[in-house]
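Thanks for coming, everyone. I'll take you through a new structure in a few minutes. Have a look at it first.

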Amino acid sequence: MTTTESNDVEAAEVVVDPNAVSVTINGKQFTARKGDLIIKAAENAGAYIPHFCYHDRMSSVGMCRMCLVEVDTGRGPQLMPSCMFPVTPGMVVETESPASKAAQEGIIELLLANHPLDCPVCDKGGECPLQDQSFSHGPGESRYIEEKRHYEKPIAISELVLLDRERCILCDRCTRFADEVAGDALIQFTSRGNTTEVTTFPDEPFSSYFSGNTVQICPVGALTAKPYRFKARPWDLEEAESTCTTCSVGCRTAVQSSRDELLRYQGVDSDPVNWGWLCDKGRFSFEGVKSDDRLTTPLVRTANGHEATSWNSANAAAARMITDAIAAGGASSVAVLGGARGSNEDAFAWARLAHEIIGTPNVSAQLGDGLPVGVLGMNRATIDQASSAATIILLAPDLKEELPVLYLRLRDAAVKNRSRIIEFAPKATGLTRYAWRTVFYEPGTQADAVSATLARPEIAAQLAKGEVVIVAGRANLAESSAGTTAALLALSTALPEAKVLPALRRGNVVGAISVGMRRGKGGLDSTGILNAAAAGKIECLILVGTDPIADVPDADLARRALAGARRIIAVDTFITDSSRLADVVFPAAAYAEKAGTTTNIEGRVTTLAHKVTVTGTSRPDWMVAAELAQLLGTDLGFGSVDDVTAAIAAAVDGFEEVTAEALEAAANGVLAGVASFDPITTPTVVLGDRNSYNFRLVVSRKLYDQAVGTAHSPSLAKLAPGGAVFVHPLDIARIGSAIGADVKVSAPKATIVLSLAIDDSVQRGTAWVPFNQTGAKIGELIDAAAAVTDVRIESL
Amino acid sequence: MSRLTEDNVRVAHEIISHYPRSRSATIPLLHLAQQQDGYVTNDAIRHIGELVGATSAEVLGTATFYEMFKFEPVGKYLVNICRTMSCALMGGEELMHHAEHRLGIKAGSTTPDGMFTLEHAECQAACTEAPTLQVNYRYRFRVTPETFDALIDDLAAGRLDSEIPAHGTVARIRQHIPAERGVGAVPPEDATNAPSWMTVAEAPK
Amino acid sequence: MTGTTYSHAPGFVAGDRPQIVTSRFEYEDSYTLERALATDGYAGLRAALSRSATEVHDEVKAATVLGRGGAGFPAGTKWGLTPAGVWPRYLVVNGDESEPGTYKDRLLMERDPHQLIEGCLIACYAAGLSQCFLYIRGEMALAQERVAAALNEAYAAGYVGRNILGSDFSLDIVLHWGAGAYVVGEETALIESLEGNRGMPRLKPPFFPAAIGLYGKPTIVNNVETMANLPWLMRNGSAAYTAIGSATSPGTRMVAVSGHVKRPGVYEIINGTTTFRDLLYGAEFCGGIRDNNELKAFVPGGGSAPWFLPDQLDLPFEGRLIGAAGSMAGSGAVMVMDDTTDIPNAALTLTRFYAHESCGKCTPCREGGTWLMRILDRVVAGQGTQRDLDQLLEVGGTICPGDFPHASSERLGLAAVPFPYKMTTICFVGPSAYTPVHSALTLFRDEFEAKLVKRTFIPVTAVSVSETEAAL
């Protein structure tokens, strides 16, 4: 070592880190970060301070007083709630001094005074902070001989969550979460003092999309989730970290099972993504994986309908269908739809099979409800960038309904005053109440709305304040993507520096498109494929984990496409309206039954855990593709899922860094690079004459609908709100029917009957119908060929 | 039933206009609802939530924190007898025993005719005049069994109707800020300049 | 008409002493604008408006107007704690008087609302506070009516509202009223309540109202009596103000003496020099203990204050001296117990009050307060054990760890432990549930022991075997 070098080292040491705060914790020097709360700094220093109300994703309230420790800031040791005070230079913290311990023991005794100690029959027993901290920091005995508080136990506060008020220690975690994080202040403390309790208002249950988080953060067994109650003891659970693929936010989860049965998903705190939160749909969707209706063996169509068969014969049949199709109509008469619900590996193997072995360019991972793939080639934003941008522009579906945890992140940005939201929407969304400006547009006119808004001086001033992130997706399934695409182009032209976060919904849609499930040169997009099939031009239609009849907005087109396709091969977990029509059905391994990787809207690649044995003989999609490739004469060289992951890294633009080793090493996954895609071209939006169709139709998704995963999760299925047509209250008079009455809703294509409802978040002159709900076949009215859908609403 | 009446909605809007944020009107509006119905109904809670921009649960949480709000009907006259130290030293407990006998009910309940609800109260801020009670928040001082009986007789006979309104009404005079005189409440985020009479140089450091 | 009518000011006893805040009380119509204007009303405001805000603020600082709510922090200093350049700032006047034994703010609101309004105007002018909220306790119907009427008069006459008295000073004063929760008297809980929430205190820091108060903006919370001092101060100047009272506690102060005295009442006393002996025995004050009984103990500063014995009678009513002697001056409320008093029961009336008034936020107060009350209830009912008495002190030790303040006692050979106590709660409601228990048990343990259950057989409870044996 030379003198110069050693000087450099010393010089480096004297540079004062402005964010470093030197403190003493239990006699040891520790460098904490400026702004860290004492409790956090101590934990970082290896000194755990017991607590109940403190949660590092919520504001501190100093309620339970469990985290009292002796702190000396130069005026002598004082007991201070360590969750409320940030570290200051020179602070001396004693977490285990006699005074600290006496305080902690005292609080435990008081918390247990009214706690029922019914641990043997409590779901939380074994993973209960109250139990654990009574053991580690409690006095070991109780001197309390008075009568304990008694309440009816438990009471249902929603369809999913039960509350046992006797166990509750009033830490304010669930109530704070509901108000602060979810924005659904439907549970509250009521009464006062010793009789304080958590309750809902009569007839207004805790119907938050995020209610399950309260169960997870409850530090006692006061809140329990119906799908998990009395199903297991925590010590019998095995767990593996994974990523939720219910939507494309990519929340990290812990998948828990016992005796090879999925029992619970818990949120894992991934700083760039979900902060520990999950939506209820993601949390409880494991029920669908366990469903008795899952496909267990391959099926082939015979004269008697579907019959179970072996994998060998199914593979042979499928390979023959593909060969016959190519012989009959050429490679491009084979089309592959899907891939967005599987892993990157599934999609990559199918993309290779389609593009390279079959040789068709007609491949799509979207279903007529997405955006041109070029959106993924735009200057991509991360969720963190979006939620710290000065301005967030929403040209997107209702994120609370479609990408719930992204909604939480953006809501947080708005309520904490980091960001201002400018929203363009056809009707109010979950974020409207937090938006700085909301511009309501009539479907099809969003580009005009964008141009007019950008011209306003106060908008321009806001946009000049710093980073801008555009969240882009389809707000209305009853119009083509043209209006949104045109508006997005208008925005990106006016704001060339702005980043774009795609709000595409299906779990791995970004991954599937990125690794190749998109049209090749001269190929058709999903609507094109369906039109071609309907016109009898598709000899073989392959559905990879997709159900066009349920998911394509234009239901008639989907039906005609499946009827017109000469041969259909489906890979699916269930028999759906679409796979029912297939000639060969391969049973697919579901979430948690296969390993691999997934890609979220940001392009973040994370791992999927293989936690339980597959259902029946089902196989992961990639394996089905590899087998078929083999039978078609090419070995893809995929012996294991790791081979596929490695092949993606080797072959896919932007995925070079996404290796098994990198994923292993990264706590929060690996951000894939942005590859180049065909750029979006400006579409023309032709709005026809409305004639007598006097309501313009808006169709959008609710979190809970009739989609296959939800429908097979009993706890979630009943939460789907059902169908109706909603209009603005002032438009009711035009229709001449009473609220709740059945009305005829007609479009040029069809007429359906729906019950009439009002919603003042619907704009006048438009009608809103939730997509894919029981009793509301709104897809019958949607015309994929038209820019917008206009309807007439009449009394029966 | 029992949302605020049209007249009371007007009063509610006037009250809300006094505050920079409408949530601040929650307690005054709960009083208004109680004045209307004698107690706070669930419908009123829901209505107040709509008026101030809170969920029903939030309004319920606030309402149940405060003792004056009742969630089921109480007597026309709510008789609160103080039992905190000064009154207890001067015979408050004995007064309560007498009241229970006189009215034939235990503290915390209502006479069958719906006239009187008897409650223990904590310190009424009239400690030098112990023992004290309030009837619908109107004071009586240095109460003896005899003056208590006379009070009950007077109330039952309607002789105090002009002084003591039925339960629910607290103050009978409201503040009205005349439009031409009032400054007007502004949300705090819109009032970030120094007030007119304070130059920045004068502002306290 | 039965009983005492509520329309005048029962309890107030005037005397041959300076009157800073009660000078209008002698008039039957003291609450009207007409009477106020006939007796120097709003002259203090005119005097203030003739000077700059800074000058007015300096005058208040020079007078050392101690806060009359309980903590005794100088108002002028408090106003100066707002962060520079942060607007808006608010004034919240605390009229939620409900500390046991305390009776003064209600009188000031009922009897002289214009004086209070004038005080608020002066404070807002001096400290640049752009809106004032007058928070009156919910149960005080008359005070609310009087203040509402006075505000309506004052608005109409141009004393409140836009361009007051033709100046560029504009201010709205909003009458707000509570709904029955003692803890709302705590300033951060008062702010929560004014925001429409449950009145649960916030932790200081970071929520010092002067920095982060109403709607997260700088907020001054002052007591009604504090505000009522300002008109006189503005009319007469700080020199005249400090000429009354002691150097550390200038001016006068409203003190309510209740309980076993011959003439319980509210007195405006000279601050800092009047002793408890003066108050309890002086001819111009209470005139001695009722029936010429012996004094047993007294609470010097509201229900939250540790108790004093006859040993402390010669202390003046002065915050620091009372603190050193083991209690606090608090809200100016003296509660007197003569030798007929059942001490454990008296303690129970206070402990029950604070247990009942706990907001439920901090575990020690929510659980500990009620626990104390239940044990004490059992002891008073003759069902207590020796173990229960120790348990009372142990539970108290969880709420207030370490030495707890108490008075000195010659009889018991006790030296004083000075105020304040340490606490594991955010506010003083929890400790206050323990205060009477601690005072009574420390000073009169024999009275508790006399009530313990007398039996030779102790039934099995959660008490451990060794302790059961010890009890036998």
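One term before we start: I call a residue buried when its relative accessible area is under 20%. And keep in mind that this is a predicted model.

Let's begin with one strand in chain A. Strand S25 of chain A covers residues 584–587. Which way do its side chains point? Val584(A) and Phe586(A) go one way. Val585(A) and Pro587(A) go the other way. All four names are on the buried list. The background is simple: in a regular strand, side chains alternate between the two faces of the sheet.

Now its partners. Strand S14 of chain A, residues 299–302, runs antiparallel to S25(A), and two bridges join them. Opposite Val585(A) in S25(A) you find Leu299(A). Then there is strand S24 of chain A, residues 567–572. S24(A) pairs with S25(A) in the parallel sense, over four bridges. Here Ala570(A) has Val585(A) as its bridge partner. So keep an eye on Val585(A): Leu299(A) stands opposite Val585(A), and Ala570(A) is bridged to Val585(A), because a pairing of strands here rests on at least two bridges.

Next, salt bridges. How many does the structure hold over all chains? The count is 92. I'll pick out a few.

Start with Arg264(A) and Glu127(A). Their side chains meet at 2.8 Å, N to O. This pair links distant parts of the chain, 137 residues apart. Arg264(A) sits in strand S13 of chain A, residues 261–267. Glu127(A) sits in the loop between helix H3 (98–113) and helix H4 (129–137) of chain A. Buried or exposed? Arg264(A) has 9% relative accessibility, so Arg264(A) counts as buried. Glu127(A) has a relative accessible area of 26%, so Glu127(A) is partly exposed.

The second pair takes us back to strand S24. Arg567(A) forms a salt bridge with Glu539(A), with the closest N and O atoms 2.9 Å apart. Arg567(A) lies in strand S24 of chain A. Glu539(A) lies in the loop between helix H18 (526–534) and strand S23 (540–544) of chain A. That is 28 residues apart, and again the pair links distant parts of the chain. Arg567(A) and Glu539(A) are both buried.

Chain A also has a network. Salt bridges with shared partners join Asp554(A), Asp556(A), Arg559(A), Arg560(A), Lys749(A) and Glu780(A).

Over to chain C. Glu139(C) and Arg137(C) form a salt bridge, closest N and O atoms 3.0 Å apart. Both Glu139(C) and Arg137(C) are buried.

Last stop: where chain B meets chain C. On the chain B side, 77 residues are in contact with 103 residues of chain C. The two chains bury about 7,200 Å² between them, 57% of it on carbon and sulfur atoms. Which residues of chain B lose the most area to chain C? They are Met85(B), Arg181(B) and Trp197(B), together 12% of what that side buries.

Two salt bridges cross this interface. One of the salt bridges joins Glu145(C) to Arg138(B), with 2.9 Å between the closest N and O atoms. There are also 37 residue pairs in polar contact between chain B and chain C. Several elements of chain B give two or more residues to this side, including helix H2 (26–37) and helix H7 (145–156). By class, the chain B side has 39 nonpolar, 20 polar and 18 charged residues.

That's the tour. Over to you.

Notes:
Residues are numbered from 1 along each chain as its sequence is written. Chains are lettered from A and ligands numbered from 1 in the order in which they are written. This is a predicted model: local features need pLDDT of at least 70, side-chain atom pairs count only at pLDDT 80 or more; totals for chains, interfaces and linings use all residues. Side-chain values use heavy atoms; hydrogens and water are left out. Contact means heavy atoms within 4.5 Å. Buried area is the accessible area (1.4 Å probe) that two parts lose on being put together, summed over both. A salt bridge is a side-chain nitrogen of Lys or Arg within 4 Å of a carboxyl oxygen of Asp or Glu. A polar contact is a pair of N or O atoms within 3.5 Å; within protein, one must be able to donate a hydrogen and the other to accept it, and residues adjacent in sequence count only if both atoms are side-chain atoms. Ala, Val, Leu, Ile, Met, Phe, Trp, Tyr, Cys and Pro count as nonpolar, Asp, Glu, Lys and Arg as charged, and the others, Gly among them, as polar. Buried means under 20% relative accessible area, exposed over 50%, partly exposed in between (1.4 Å probe, protein chains only).
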